[in-house]
Amino acid sequence: MSGTFVGMPAFPVAAREAVGNETLRGNLRHATHTIRDKRARAVAELDDWAALREAGKQIKDHTLRHLDRYLVQVEEAVTAAGGTVHWAADADEANEIVARLVEETGESEVVKVKSMATQEIALNEALEARGIHAYETDLAELIVQLGKDRPSHILVPAIHRNRGEIRDIFRSEMSEWGRPAPENLTDTPAELAEAARLHLREKFLRARVGISGANFVVAETGTLVVVESEGNGRMCLTLPETLISVVGIEKIVPRWQDLEVFLQTLPRSSTAERMNPYTSMWTGTTDEDGPRAFHLVLLDNGRTDTLADEVGRQALRCIRCSACLNVCPVYERAGGHAYGSVYPGPIGAILSPQLRGTGSEIDASLPYASSLCGACYEVCPVAIDIPEVLVHLRERVVQGGPAVRNGNRVVLRPAKGHAAERAAMRAAQWAFTHPGALRTGQRLASRTRRLHPRTLPGPGRAWSGSRDLPAVPAEPFRDWWQRTHGGKGGAK
């Protein structure tokens, strides 16, 4: 998988630097609190929210169990509607397909709809290497692109920027990419939006090739769905003569009727709206309207490896709403860049290590980028148990074990730096399987409790530096039970 932010350190190192940035923390705190409060109100309007959540989970799980059948159905439906389907096993293959398709049109510019899949495979960089300029048209993505920055949020990629920073970026960078910003541009939202609109309008009217992702692909009809709030997606999907959509294979839903669930849960969980302002749907091509050529690139890039993991596969239910980011105390303080991936926050902490593997230092650290508070699971509209997957991946990092990589069954070696943790777990396992030794250890700990330090030494200092060590009771539970209940029906 591509999409790693080159040169990024492991999460703890990157997060330590991020939490010292007061401006960043202020931007994140304001934005995440605002979004999650609005979301809570939008969700509370639906009496059947729990039923919709369960329905979304069941639809996604059913699709993943029968993905082989639905993928073939998508190919047949898209082809019958006049489109062309391409299969990409990884990022390199997907980038090669897209670059070739653009080159065949003779064009050197493309306009893009906001797409996590194309960010995942680093498509813009791949096209640039072939002399093709890709222009982001989503407002937040435009800010990131003009600022030579990296996205830090799934829904709001420029969430780490405030209005003053955006104004400065527009003033200094817009002229290098096309129409310059107005001379007296201020940081008021209306003026910033108008500057972006004027800058992008000439690109919409000039572009002959559009590139998109998709929120959903309906298997029974071959219909693709993009939901958005700005209208730029509608422009990219209808004005160009050629449309290329790069879509992860997990975005499939079996029936048109299934959209009824997700078109209620996605807008409320993401933008806190009852429905998205723009919901664009297209099926192949027509002679009288829209692009004359449509290409669908179905992307694997680690998804079938993830599907092979019975615990981790639930991450593929994700509909990219970003609700988990907005409630996560770790994300709020560290920001998205610390995750070293286009998928930040809790969902990124379980998705990136599965798509990319846990072989790198940063991917091995991501399952630990969580307090396991469970807030992410509570707000997930498709009921992904993120804490469960985090613990599962931590076990994989520490212990290694069987996994599937690139379609092959392999045995992963334990990651470096966890020898002490493995030794501690082995010692705990031995103690719990030897009751006599456990009882002796508990009594010894109780009798020496006045001598216990308030902080742990060595590597344990990182844990006790922000937590109080629990006090050891004066008497072990087993001894108390034996004394007060005489051992009747008690602990052994």
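The legends below describe close-up views of a predicted model.

**View 1. The six-stranded open sheet.** Six strands form an open sheet in the order β1-β10-β7-β4-β2-β3, and their pairing is parallel. The edges are taken by β1 (84–88) and β3 (133–136); each has a single partner strand, so one side of each is left without a neighbour in the sheet. From one strand to the next, the twist averages 25 degrees.

**View 2. The pairing of β2 with β3.** Strand β2 (residues 109–112) runs parallel to β3, and four bridges join the pair. In one of the bridges, E109 has H133 of β3 as its partner.

**View 3. The pairing of β5 with β6.** Strand β5 (residues 216–218) and strand β6 (residues 223–228) are antiparallel partners, paired over three bridges. Here V217 stands opposite L224 of β6.

**View 4. The crossing of helices α3 and α4.** Helix α3 (residues 49–65) packs against helix α4 (residues 67–80) at an angle of about 85 degrees, and the two axes are 5 Å apart. With this angle, α3 is roughly perpendicular to α4. On the α3 side the contact is made by H62, T63, L64 and R65, and on the α4 side by L67, R69 and Y70. Three of the residues in this contact are nonpolar, two are polar and two are charged.

**View 5. Helix α3 and its buried residues.** The 17 residues of α3 should span 24 Å at 1.5 Å a residue, and this agrees with its end C-alpha atoms, which are 24 Å apart. The buried residues in α3 are W49, L52, R53, G56, I59, K60, D61, T63 and L64. They pack against α2 (22–44), α4, β8, α12, α13 (303–307) and α18 (375–379). An α-helix has 3.6 residues a turn, so residues three or four places apart point the same way.

**View 6. The loop around P470.** P470 lies in the loop that connects α22 (461–464) to α23 (477–485). This proline counts as exposed because its relative accessibility is 63%, above the cut-off of 50%. Along the chain, P470 and R454 are 16 residues apart, and their C-alpha atoms are separated by 9.1 Å.

Note on methods
Residues are numbered from 1 along each chain as its sequence is written. This is a predicted model: local features need pLDDT of at least 70, side-chain atom pairs count only at pLDDT 80 or more; totals for chains, interfaces and linings use all residues. Side-chain values use heavy atoms; hydrogens and water are left out. Helices (H or I, at least four residues) and strands (E, at least two) are DSSP runs, numbered from the N terminus. Buried means under 20% relative accessible area, exposed over 50%, partly exposed in between (1.4 Å probe, protein chains only). Two strands pair if DSSP finds at least two bridges between them. Axes are lines fitted to C-alpha atoms, for helices over the stretch in contact, and angles run from 0 to 180 degrees between N-to-C directions. Angles under 35 degrees count as roughly parallel, over 145 as roughly antiparallel, 65 to 115 as roughly perpendicular and the rest as oblique. Contact means heavy atoms within 4.5 Å. Ala, Val, Leu, Ile, Met, Phe, Trp, Tyr, Cys and Pro count as nonpolar, Asp, Glu, Lys and Arg as charged, and the others, Gly among them, as polar. The expected span of a helix is 1.5 Å times one less than its number of residues.
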